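Here is a short briefing for a reader new to this structure. Look through the sequence and the model, then read on by topic.

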Amino acid sequence: MAKTGVEAVRKYATSLSDFGTGVGMLGSTLSGNLPTRNFRDGYFERAEEIGAESIRDKIRIDMEGCYACSVRCKKVCEVKTPFEADSAYGGPEYETFAAVGSNCGVSDLKAIARAHHICHANSLDTISTGATIAFAMECFENGLITTKDTGGLELRFGDGEAMVKLAEMIAAREGLGNVLAEGTKRAAEVIGGGAEKFVMAVKGVEMGMHEPRLKFGLGLGFCVIPHGGDHNAPGLQDTLYEKDGRPMLLARELGWLDPMPANELSPRKVAFFKDLNCWRALNDSALMCIFVPWSAQQLSDIVSMTTGWNTTVYECLKVGERAVTMARVFNVREGLTRADDMLPDRFFSPPRLGSLAQAKQAMNREQLEKAKSFYYSLMGWNPDTGVPTAEKLESFGLGHLVGAVTK
């Protein structure tokens, strides 16, 4: 199986080995997928300056990987001036390019590398940190934050030095950084004045750097996954399934034979999302990296060889569905409702610039509500509330959890 994995990496993952994530940033911004200036704008005019190719040419010194992994997708970067970025912290990947880069309007690779350093040195998530800084920049632009609040710092989109300084303030909980360290949802409550409309988060978790106005299934995923705006958990990056390719090999193993448009949110797409979401939950439960291109059968075989269980792809998929359902029970018990399964208002209107603006493309609120109800029903949850039914819990051997959703 190890030999098979190496062969699959050589066939399907050479770009990750050569560059890590973040290749082709120009294509990302041309398609409308690159979040820009707090997801407000759909186009970043300096996208090529912050991609993996640019990092390779300017600040990368090596490529590493997890122990015994044949993908080796980890960038190792080093910067001395004008900012320090220690190679001990690796180097920025796509989510960081976008979060502290394009989403803050910043194209300075050295500033991005420094922000990466600050986050890793202080156990901060680069997505939430970048999204919080972008939120603060838009609040500043609209007069909700002033230099009196920032200690004289001008929080302008595109200012790499200001971005780095605010990341340092967040890490140290210094001044305004003490408010922003709580994340965008709580910070907006403190700042007031309508700041909540600049919060790009779901369930209080800042959204991954992918555009739901381009990828409608991912938009549904941001809504319904248990912990909010995580881009990895849903398992569906719609643009990967618009045509034949390696992702469709997995789709076909799960019974989905035909590609479908990224901006489709039909019952077919919702059912497809449900299966991919449950399969990703299985991957996470089995502690499997998503960058090693195992097929569904190979992953099932790995589970069998590791545990001694005579398992199947179908049984593995049901394990993932059980995990998703248990997480939903936890959320229901803690007071979350259907209303928490919702995107920020910004995503129901087209961005200001770029291809999505030209196409006038955005999420549709009514369509999303219908998709949520259908997803709930497919999962065996109440289609109106999203609460798992007693029958569904019993079918998974989770009868002891019924009380948590019927109190």
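## Briefing: pockets, buried parts and backbone

The second largest pocket holds about 430 Å³ of space. Its lining has 18 residues, and the closest to its centre are Glu196, Val199, Ala201, Leu343 and Pro344. The model is predicted.

- Sorted by class, the lining of the second largest pocket has nine nonpolar residues, eight charged and one polar.

**The largest cavity**

- One cavity of 30 Å³ or more turns up in a search of the whole structure.
- The volume of the largest cavity is about 30 Å³.
- Its lining is made up of Cys77, Ala85, Asp86, Tyr89, Gly90, Gly91, Pro92, Ala113, His116 and His117.
- Helix α6 (residues 109-121) gives three residues, the largest share of the lining of this cavity.
- By class, five of the residues lining the largest cavity are nonpolar, four are polar and one is charged.

**Helix α5**

- Eight of the eight residues of α5 are buried, so this helix is largely enclosed by the rest of the structure.
- The buried residues of α5 are Tyr94, Glu95, Thr96, Phe97, Ala98, Ala99, Val100 and Gly101.
- What do the buried residues of α5 pack against? Their partners are α3 (25-31), α4 (52-58), β2, α6, α7 and α9 (160-172).

**Helix α7**

- Helix α7 covers residues 126-141, which makes 16 residues.
- From its first C-alpha to its last, α7 reaches 22 Å, close to the 22 Å expected at 1.5 Å a residue.
- Of the 16 residues of α7, 14 are buried, so the helix is largely enclosed by the rest of the structure.

**Met209, a buried loop residue**

- Met209 sits in the loop between β4 (205-206) and α12 (216-224).
- Is Met209 buried or exposed? Met209 counts as buried because its relative accessibility is 0%, and the cut-off for buried is under 20%.
- Leaving out residues up to four places away in sequence, Met209 touches Asn33, Pro35, Phe39, Tyr94, Glu95, Ala98, Ala99, Asn103 and Ile127.
- Among these contacts of Met209 are Tyr94, Glu95, Ala98 and Ala99, which are buried residues of α5.
- Met209 and Ala115 are 94 residues apart in sequence, and their C-alpha atoms are 16 Å apart in space.

**Arg338, a buried charged residue**

- Arg338 belongs to the loop between α16 (313-333) and α17 (354-359).
- Why does Arg338 count as buried? Its relative accessibility is 16%, and buried means under 20%.
- A polar contact joins the side chain of Arg338 to the side chain of Glu369, at 2.9 Å.
- Beyond its neighbours within four places in sequence, Arg338 is in contact with Glu369, Lys372, Ser373, Tyr376, Pro383, Asp384 and Thr385.

**Backbone details**

- Most residues other than glycine have a negative phi, and most peptide bonds are trans.
- Thr81 and Pro82 are joined by a cis peptide bond, with omega about -10°.
- Pro82 is placed in the loop between β2 (74-77) and α5 (94-101).
- Ala68 is not a glycine, yet its phi is positive, near 65°.
- The loop between β1 (60-64) and β2 holds Ala68, and this residue is exposed, with a relative accessible area of 72%.
- Lys360, also not a glycine, has a positive phi of about 55°.
- The place of Lys360 is the loop between α17 and α18 (365-378). Lys360 is exposed, with a relative accessible area of 67%.

Terms used
Residues numbered from 1 in each chain as written. Predicted model: local features only at pLDDT ≥ 70, side-chain atom pairs only at ≥ 80, totals over all residues. Heavy atoms only, no water. 1 Å grid on protein atoms, 1.4 Å probe; cavity = no way out; pocket = protein on both sides within 12 Å on 5 of 7 lines; lining within 4 Å. Points joined across faces, edges and corners; volume = space filled by probe spheres on them. Nonpolar A, V, L, I, M, F, W, Y, C, P; charged D, E, K, R; others polar. Helix = DSSP H or I, 4+ residues; strand = E, 2+ residues; numbered from the N terminus. Buried < 20%, exposed > 50% of the residue type's maximum accessible area, 1.4 Å probe, protein only. Polar contact = N/O pair within 3.5 Å; in protein donor to acceptor, adjacent residues only side chain to side chain. Contact = heavy atoms within 4.5 Å. Expected span 1.5 Å × (residues − 1).
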